[in-house]
Amino acid sequence: MTGQADAPHISVDHVNKRFQTASRAQLQALKDVSFAATRGEFISIVGPSGCGKSTLLYIVAGLLDASDGTVTVDDERVTGPSPERGVVLQNFSIFPWRRVIDNVAYGPEMRGASRQERRRIARQYLETVGLGEFAEYFPRELSGGMKQRIAIAQMLACNPSIFLMDEPFGALDALTREVLQEQLLRLWERDRKTVLFVTHSIDEAVLLSDRVIVMATRPGRIKEIVPIDLPRPRRAEEIRALPQFGTLRRHIWASIRAETLEMMQ
Amino acid sequence: MKPDSAAQAAPLPRPSSRPTLPAGLVRWLHAVARYYPVALILLLWELCSRIGLFDPLFVPALSDVLQTWYVEMFVTHDLLVHIAYSFGRASIGFAMGATVGIMVGILMGRVRAIESFVDPLISAIFPTPKLAIFPLMMVFLGIGDASKIALIFLGCFFPIVIATYAGVKNVDKYFIWNARTKGANSRQVMWTVVFPAAMPFVFAGLRTAMLTAFLLIVASELIAANEGLGYLIIFAQRTFNPTLMFAGVLTVSTMGFIADRLLQALGRRLFRWQEQAER
Ligand SMILES: Nc1ncnc2c1ncn2[C@@H]1O[C@H](COP(=O)(O)OP(=O)(O)O)[C@@H](O)[C@H]1O
Ligand SMILES: [Mg+2]
């Protein structure tokens, strides 16, 4: 780590996003969104559904263009996707025509790694997500949660410096979810990647993050950014037992709840 | 993976009290069981002829047709020559139609300028009766192979281009997004995402096109040819030889049947990854 550890790794500045809807009306999905992530920071994004979490993540990924404003990574403006910014899409979108192992090997294959090399990498990350024995299966033969883990392995195999994850644990049962949360914690503590993590689970956001961005809807915007001053390294059970954990959780919960109630009126 | 039980049963020389059928026979019986509707119709045909329901001047008995077929095929080899001509023309036209159809279909699905240029052309030219303009094609390309291949090409091109275009348009945007975030450039996206995702559609188009090719090759040879199955059929008609005519017709149907079955078997192998719809 260099001396400029506090220089932003990702910087989102005054981003607006408008969608043209089918009825020709304009929909303001994001309004004046600004924040910065330092290198190695873990940031979660929570908020009621439809508040633009996915949209924000896709703009940082370079998959969508901002209507106004800029996203910069390492002081360079984002104009398109890059394997440096790994993405796990909300609907995981692994390729059904590829066997599990060839799905995980996709990134290395695209950058021209030899068959042997990319299979070795793929095996390693399949083991990481606990699906080593399913290497030769087709995705249709796996459960939704397993597919989601394949998508995570597929991203890890590209070894990106930024993880952009859109509800990556959404389709998992509670137990697998907790196992993978622990695993992500360990992985993050070891490699210190910069992570933007969209989730519906406030518990998960508090457990994993350095900061939690709470979003409000209509138009989608940042309501507040909550610093999570819990000690690291974190063990899930110990962290959940801390009184601050409950306080933070309740605080964020109240913030979203007010938002959701307002939206329903 | 399930082992092929029929193939595994054969090399086991165990002194069993229960006699096992030879593997070849078992497979043959399976095929018969699968295609019994076809066998039923053929049987009905023979039966109607035998009890005198069909006038042999118009519809000869299946057994007579098969006998003629056997002679023409394995004794004089006349039929073999006609098959070779028809099959050759149809395959070349089909291969060309498939190649160009797939290429244009992909381009239409990916490049807006090509889409807006070709789409109205398809609407205009596809419904044009190709057989009606076939004489015109003969004026330009002669009465030999070229005009027939061109006709087949046109007949195959349209179903394939439409199917491919639909397939490419239908590719889930998120597959492409996923590929791009893994570092795929546009050429790689094409080969590793768009093409495999569209393949099941392309295959459906190939099937329609292949069956169309069988219809068109015979039709074109009926109109003008000196060889080929269509020529054989029209020659038999003109010389009042219904048995030979039916031998020709049956040859075409059987070839179409086998080709279609093979294509479907290939499709099942290629698309094992596909989710099957519940029913
Ligand atoms: N391609 C699109 N065209 C039109 N509207 C869209 C499009 N994508 C998203 N939206 C709208 O933008 C808003 C934010 O969507 P999204 O980012 O998916 O929300 P979230 O992920 O927080 O649930 C929603 O109202 C959604 O309907
Ligand atoms: Mg979303």
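## Inside chain A

Let's start with chain A: between its domain 1 and its domain 2 there are four residue pairs in polar contact, both residues at pLDDT 80 or more. A polar contact here is a pair of N or O atoms within 3.5 Å; within protein, one must be able to donate a hydrogen and the other to accept it, and residues adjacent in sequence count only if both atoms are side-chain atoms. This is a predicted model, where local features need pLDDT of at least 70, side-chain atom pairs count only at pLDDT 80 or more, and totals for chains, interfaces and linings use all residues. Residues are numbered from 1 along each chain as its sequence is written, chains are lettered from A and ligands numbered from 1 in the order in which they are written, and side-chain values use heavy atoms, with hydrogens and water left out.

Where do the domains of chain A run? Domain 1 covers 10-84 + 162-264, and domain 2 covers 92-159; such bounds come from an automatic or database domain assignment. Their C-alpha centres sit 25 Å apart. At the boundary, 15 residues of domain 1 of chain A touch 11 residues of domain 2 of chain A, with contact meaning heavy atoms within 4.5 Å. Together the two domains bury about 960 Å², and carbon and sulfur atoms give 65% of that. Buried area is the accessible area (1.4 Å probe) that two parts lose on being put together, summed over both. On the domain 1 side, A:F163, A:A171 and A:L180 supply 30% of the buried area, more than any other three residues. As for salt bridges between these domains, the count is zero; the rule asks for a side-chain nitrogen of Lys or Arg within 4 Å of a carboxyl oxygen of Asp or Glu.

## Around ligand 1

Now for the ligand. The residues around ligand 1 are A:F19, A:L27, A:A29, A:S49, A:G50, A:C51, A:G52, A:K53, A:S54 and A:T55, each with a heavy atom within 4 Å of it.

Three of these residues can be followed atom by atom. A polar side-chain atom of A:T55 is 2.5 Å from an oxygen atom of ligand 1. On its own the ligand exposes 560 Å², and the protein buries 63% of that (areas by the Shrake-Rupley method with a 1.4 Å probe; for residues, only the protein chains shown count as cover).

## Inside chain B

Chain B also comes in two parts: domain 1 (21-54) and domain 2 (61-278). Their C-alpha centres are 28 Å apart, and seven residues from domain 1 meet eight residues from domain 2.

These two domains of chain B bury about 660 Å² between them, 69% of it from carbon and sulfur atoms. In domain 1, B:Y35, B:W45 and B:E46 lose the most area to domain 2, together 67% of what that side buries. Three residue pairs are in polar contact across this interface, both residues at pLDDT 80 or more, while the salt bridge count is zero.

## Where the chains meet

How many residues does each chain bring to the contact between chain B and chain A? Chain B brings 19 residues and chain A brings 26 residues. The area buried between the chains is about 2,300 Å², with 65% of it on carbon and sulfur atoms.

Nine residue pairs are in polar contact between chain B and chain A, both residues at pLDDT 80 or more. Zero salt bridges are found across this interface.
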